[in-house]
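Q: Please go through this structure and say what each label rests on.

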Amino acid sequence: MSVLKILQYPNPKLRFIAKPVSIITKEIKKLTCNMLDTMYEKEGIGLAATQVNVPLQIVVISKENFKKDDLILINPKIIEKKGNISIQEGCLSIPEYRDFVPRSDYIKVKAINLLGKTIEIEAKSILSICIQHEIDHLQGILFIDYLSLLKRERIKKKFKKKIKYLERI
């Protein structure tokens, strides 16, 4: 398969709201394989289709970090939440920055798998955080949106400065 280009903050396409997938096609299956290859290549634990410039409701989660099969969630919806947890989150679209984000410790998610079957999964702790983070991407929400305005402005300024520097070289 192939490694896809990950959109970097502050690219406005990261704010697009993803559309539901209506049919599981060969192209969708290929996209999920490419997303998994990309996520592993970049050493991430999750990736949303919007991060690779595909505005569809598809999320992949790493099996290596959670000791299960890779999770591929199509049209995921959180149907239940409980508890609170916060760890330092990072994002492949916002490299070199991590911060604490409030999340639900337990979630139940309804989605479609690659066979087109409706599934429900329960997740706790880090897996719960990862799924919430990726579902946020599908809504155009970045983890930095949970931070204070001051922190968000500093991050934005830092990344704009980095882009200007890269454009000069």
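Q: What makes helix 1 a helix that lies across strand 1, strand 2 and strand 3?
A: Helix 1 (residues 26-41) lies across strand 1, strand 2 and strand 3 (71-82), at about 40° to strand 2. Contact means heavy atoms within 4.5 Å. The angle is taken between N-to-C directions, on a scale from 0 to 180 degrees, with axes fitted to C-alpha atoms, for helices over the stretch in contact. Helices (H or I, at least four residues) and strands (E, at least two) are DSSP runs, numbered from the N terminus.

Q: What are the numbering and the values based on?
A: The model is predicted, so local features need pLDDT of at least 70 and side-chain atom pairs count only at pLDDT 80 or more, while totals for chains, interfaces and linings use all residues. Residues are numbered from 1 along each chain as its sequence is written, and side-chain values use heavy atoms, with hydrogens and water left out.

Q: How do you know that strand 1 pairs with strand 2?
A: Pairing requires at least two bridges found by DSSP. Three bridges join strand 1 to strand 2 (residues 58-61), so the two strands pair, and they run antiparallel. Leucine 47 has valine 60 in strand 2 as its bridge partner.

Q: Why is the pair of glutamate 80 and lysine 108 called a salt bridge?
A: A salt bridge needs a side-chain nitrogen of Lys or Arg within 4 Å of a carboxyl oxygen of Asp or Glu. The closest N and O atoms of glutamate 80 and lysine 108 are 3.9 Å apart, so the pair qualifies. Glutamate 80 is in strand 3 and lysine 108 in strand 6 (residues 106-112), 28 residues apart.

Q: What makes lysine 82 and glutamate 80 a salt bridge?
A: Their side chains meet at 3.4 Å, N to O, and the whole structure has six salt bridges.

Q: Why is isoleucine 126 called partly exposed?
A: The relative accessible area of isoleucine 126 is 42%, so the residue counts as partly exposed. Isoleucine 126 is found in helix 2 (residues 125-138).

Terms used
Buried < 20%, exposed > 50% of the residue type's maximum accessible area, 1.4 Å probe, protein only.
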